[in-house]
Amino acid sequence: MRFVAVGSLKPGMKLGRKIIDRKRTSMLEKGITLTGMNIERLRSNGYIGAYIADRFSDDVEIVETVKEEHFASAVDAVADANVGSIIDVASELVNDISSLEKISVDMLDLRSFDDYTYHHSVNVAVYAVAVGTRMGLEEEEIQELAVAALCHDLGKSKIDAKIINKKDRLNDDEFEEIKRHPKYGYDMLYNNPIISPIIRQAVICHHENENGTGYPFGKMGDEIPLLAKIIHAVDVYDALTSRRPYKDPYAPVDALEYMVGGMDILYDRRVVEAMQTVIPAYPPGMDVGLSNGEKAVVIAHTSQALRPRIKIYDTGEEIDLSTNLKYRSVFITASGILMQEAAEGVETLNEDRGNAKEEIKNVIVVDDSSISLEQTKTILEDKYNVVTLESGIACMNYIKAKGKPDLLIMDIDMPIMDGMTTVDKLKAHCKNDLNVIFLTAIANKETVMHCKRAGATDYILKPVNPIYLKERVKIALDKNLDR
Ligand SMILES: [Fe+2]
Ligand SMILES: [Fe+2]
């Protein structure tokens, strides 16, 4: 069985796994031969792909993390906001996961746009339980974790669907309303005697960041309950790996890399480390491209997360990348849905993709180290107009002459005039309206407070993690992405 992006599905392919539609209007049984109509239906329902059974991949075994029926009834329970059934399905999910031989979330999700929130909540619960189990939580805590994860976005049902599904950038009022969903969810659960305060706390704190920049409270580090930290991290992971009307899906390896970049800043280190052990960077059934130009499908895990066992498409040869000597200098260069779509030349569903009207944003990067300046530029220049400057004074002069950029990325530690001072001075010039991300080698509490007081949008640790930087820049420029 292998995972094929919806754009690469062809009539005649055999379905490797049942697809249950939430409305039960169409159920595609395992083993059926796909027709053009089936494929069109999957596409219009927003599926990112499907598991296909063929001769080539019949030795790829994909362990089901939770039973399809349990996943489907969990989606129903969440959609109905029925707390009684949520508690029941939570224990089914926990049982499924705890009976796995090895805890690993190998399934790529199968979900659709229209009921994104419900599928998302169930995914988050599956990831959360896997992570919590890995972290050695007590049975009772895991049950509470599952319930809290299923309920984490319940509060979104109180928000106008127009805001939730809006494809364009949210305005400030809309964004403030979105930020109320943890509290709305908390309130919905408040008078329910079967919901413990621990669950409610996990729900209300699921958007809090380690460094205090989250919402609704701005809690930091240990003030955030552990269950909320777990839900927070896997919530972001699931959002990154799914396709939304306004974004393409990240491959698991890249989403995990992003999480690592946010360790200690946004996400708890222990949680991210546990995620790395229960979420495979290259899950079995996923297509990968190799540095020698060959294409392969992942067959199985090995002891090395980045070097799985694979099967080469052209030759049918099976290679264990963790031990094979011939392939010891070959590495995986690409994986996931986008790689398949690119190979097929598929237009994806993103309506705003390739929109000519969208203007390219201006980003100024200021750093006294020319090496890191060059690195930052290389990471960002394919998407933005990047201007690099080597000192605070050069930056002041540039902005005074040419006006302010859409985003300023400012190194803190620079001789003569440091980043903080530069930004303070520039703020006076720009009437406080300046979008700034600070770069810093040290993230002690003092620096963090400083960045916050300076009204920074974000700060990023050096040396920069490319995927993390790209995503944070996107978020700073477009609030759409941090829902
Ligand atoms: Fe949320
Ligand atoms: Fe969420």
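Is His 152 buried or exposed? His 152 is buried, with a relative accessible area of 0% (buried means under 20% relative accessible area, exposed over 50%, partly exposed in between, with a 1.4 Å probe and protein chains only). The views below start from this residue's surroundings.

A note before the views: this is a predicted model, in which local features need pLDDT of at least 70 and side-chain atom pairs count only at pLDDT 80 or more, while totals for chains, interfaces and linings use all residues. Residues are numbered from 1 along each chain as its sequence is written, chains are lettered from A and ligands numbered from 1 in the order in which they are written, and side-chain values use heavy atoms, with hydrogens and water left out.

**View 1. The site of the iron ion (ligand 2).** His 120 (NE2), His 152 (NE2), Asp 153 (OD) and Asp 235 (OD) are the protein donors here, 2.2 to 2.3 Å from the ion. Donors are N, O and S atoms within 2.8 Å of the metal (3.2 Å for Na, K and Ca); water is not among the atoms, so sites may look incomplete. Along the sequence, the spacing of these donor residues reads H-x31-H-D-x81-D. The arrangement is irregular because the 4 donor atoms subtend angles of 71 to 171 degrees. Four donors count as tetrahedral if all angles lie between 85 and 135 degrees; four count as square planar and six as octahedral if opposite donors are over 155 degrees apart and all others between 65 and 115; anything else is irregular.

**View 2. The bridge made by Asp 153.** Take a moment over this side chain: Asp 153 bridges the iron ion (ligand 2) and the iron ion (ligand 1), which lie 3.6 Å apart. Asp 153 is buried, its relative accessible area being 3%.

**View 3. The site of the iron ion (ligand 1).** Here the protein donors are Asp 153 (OD), His 181 (NE2), His 206 (NE2) and His 207 (NE2), at 2.1 to 2.2 Å. Their sequence spacing is D-x27-H-x24-H-H. This site too is irregular, with angles of 85 to 176 degrees among its 4 donor atoms. Asp 153 sits in the loop between α5 (139-151) and α6 (161-164) and His 181 in helix α8 (residues 181-190), so the pair ties together parts that are 28 residues apart in sequence. Helices (H or I, at least four residues) and strands (E, at least two) are DSSP runs, numbered from the N terminus. His 181 is buried, with a relative accessible area of 0%.
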